[in-house]
Every structure is written in structure tokens, then in C-alpha cells.
Amino acid sequence: LPFAIVLTGMMAYALFSLWSVKEERTNLLYIIAGFLLFGTVALQEFIEHSYEWGSLYNLRSAIEEGTELLGMLILLNVCMKNSGGLFAPKNSNDVYVFESICLLRVPILYLGLVFVPVFVYFSSLPSNLPAGQSGHLTDWFAAALFLFAALAASRNFFRFGQNTSLNSWWLTALCILLSVSSVIYQPIYTIGFLSMNIYIRVAVFIAGSVLISIIWILGNTYHSKTFIVPVAGMWSVILLSFFKTEVIFLYGMQMMVGLCVYYVHSSYSLSKE
């Protein structure tokens, strides 16, 4: 209780200080809205444990996680206005921290190729296979790779503040979708289609990869031979996982696709300078 009183007093003082500055009142409203969104998560957790959601469980989880992300984005938007240049280079030889996403693409690629079999092994252990288990190394590693790929695709906007092409925004959106799908859908989940059982994760990744490949072609991403190998590797893994139903392929597929897409986006982004 004493700590709660102190924290409440500090927060009240901070809010009052912001309100006393006319230019900051709009930011204060955004801050309150962000924390109110965080507060609704507790209510959503209560509702989650009060009902059986069945097939709607993933949708409920997406709404809950989306609420947290929206609240965080609102708070980040407020903070960014007062933190410009915080990580700016201190001298001419330094680069922005954001550039590491593209500049470290080769070490990340090599380390990823080493980690893939290790993560697949631990994620495919019998104790990890039952439905409902989440948090596998393969899932989160793939999610991180697709997030990097999304940021690399829209690098001009985040790094230079420049307008970027519609194709880049489509690639960013698709990579974010695949990042989320990496942790939502377990590899053993299936859906009935034309008297067949199709793995949901494979279907989502094939659809996403088709759209990404189309945008690559329309955007002339294949201007360099350096992209032939990762693109061919991506589709080889996808087709292999479609015909090979062993769980080891389902776990490895998303990481290999993530590595390939991330490498293409980061390399292409740097090549346009």
C-alpha cells in the first residue's frame, strides 16, 4: 500500500504537470487513452477465463494482444515527439541503431542457419507437441525475422522519414501478418478443405509467400542475381513442407522462409542507396 500511494502521487503530479502546459494537453489525453487500453486487458483476461471460446480463441487472443499493441503504439507516438535524436550518431563515423537491421543481415543469416536445426530439435520434442502449447523457439525466432523483414521493407520511411512506395507498405503489412501467424497458429492445427486436411500454418505461409513474390516481381526486386538463391530456397522449403507432413518440416519452414524474406528485403533496401 505505501508503494501504491507513492506511485499514485508521482503519477498524479506528472499528469498535473502535463496539463499545466497548454501544448502538452493533447499528449496527456493520448497517454490516458494508452493506459486505459492497458487497463482493459485485465478485463479481457477475466472474460477469457470465464467462458469457453473454442474456435474463437485465436480471435480473442488477437484482440487482446492488439489492444496491448495499440496502447503501446499510442504511448510511443507521444514519446517520439520528445525523444528525437536520442540515438543519433555522435560523429560522422557512426551509424543509426536502426541501420543494424540491414547491416547485420549476413551475420544474422549465418547464425539463423545454425540456429534453425537446434530450435527445430527442441521445439519438436514430444513434450512440446500437444495442441495449445505455445512459445516455441521456432515460433518466436520466425516472428522476429519477419518483423525485421517488415522494418527493412519500409526502411526509407523509418530511417529517413521519406515517403515509400505502395509496394513497400504491402510487403511491410504481409511480413507483419506472417510474424503474427508464426506465434498464433501451432504447426499441428489443420483445417478441412475439399475433403483434405491442410495445415493452417502451411496454408497461411504459402498464401503470404505468393503475395510477397508477386510484389517482388512487380517491384523489380529481381534486378540482382544475389536474390536468386534466397528466393529459390524459400520456395523449396515451402513446397517441401507442403508435401512432407512431419512436424519437423512444419517447424523449420517458417524460420527458413523468414530468413529468406529478411535477407532479400534488407539487401534490396541497401542496394537502392
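Author: A nonpolar core is a set of buried Ala, Val, Leu, Ile, Met, Phe, Trp, Tyr and Cys residues joined through side-chain atoms within 4.5 Å. Buried here means under 20% relative accessible area, exposed means over 50%, and partly exposed lies in between (1.4 Å probe, protein chains only).

Reader: How many residues does the largest nonpolar core have, and which have the most contacts inside it?

Author: That core has 31 residues, and Ile212, Met255 and Val261 have the most contacts inside it. Helices H5 (105-123), H6 (137-153), H8 (166-184), H9 (200-218) and H11 (247-271) each give two or more residues to this core. H11 supplies the largest share, 10 residues. Helices (H or I, at least four residues) and strands (E, at least two) are DSSP runs, numbered from the N terminus.

Reader: What kind of model is this, and how are its residues numbered?

Author: It is a predicted model, in which local features need pLDDT of at least 70, side-chain atom pairs count only at pLDDT 80 or more, and totals for chains, interfaces and linings use all residues. Residues are numbered from 1 along each chain as its sequence is written, and side-chain values use heavy atoms, with hydrogens and water left out.

Reader: What is the mean pLDDT of the chain?

Author: The mean is 75, and 70% of the residues reach 70 or more; pLDDT is the predictor's confidence in each residue, from 0 to 100.

Reader: Which secondary structure does the chain have?

Author: There are 11 helices and 2 strands, and along the sequence they follow the pattern α-α-α-α-α-α-α-α-β-β-α-α-α. Of the 273 residues in the chain, 33% are buried.

Reader: Turning to H6, at what angle do H5 and H6 pack?

Author: The angle is about 155°, and the axes are 9 Å apart. Axes are lines fitted to C-alpha atoms, for helices over the stretch in contact, and angles run from 0 to 180 degrees between N-to-C directions. Residues of H5 including Ile108 and Phe119 meet residues of H6 including Phe141 and Leu145; contact means heavy atoms within 4.5 Å.

Reader: And how do H6 and H8 cross?

Author: They cross at roughly 170°, and their axes come within 8 Å. H6 and H8 are therefore roughly antiparallel to each other. Among the residues that make the contact are Trp140 and Phe146 of H6 and Leu171 and Cys175 of H8.

Reader: Which residues of H8 are buried?

Author: They are Ser168, Leu171, Thr172, Leu174, Cys175, Leu178, Ser179, Ser181 and Ser182.

Reader: A change of topic: where does asparagine 58 lie?

Author: Asparagine 58 lies in helix H3 (residues 57-80). At 25% relative accessibility, asparagine 58 counts as partly exposed. The C-alpha atoms of asparagine 58 and isoleucine 184 are separated by 6.8 Å, although these residues are 126 residues apart along the chain.

Reader: Against which helix do the buried residues of H3 pack?

Author: They pack against helix H2 (25-48). The buried residues of H3 include Arg60, Glu64 and Leu75, while those of H2 include Leu28, Ile31 and Val41.

Notes
Parallel < 35°, antiparallel > 145°, perpendicular 65-115°, else oblique.
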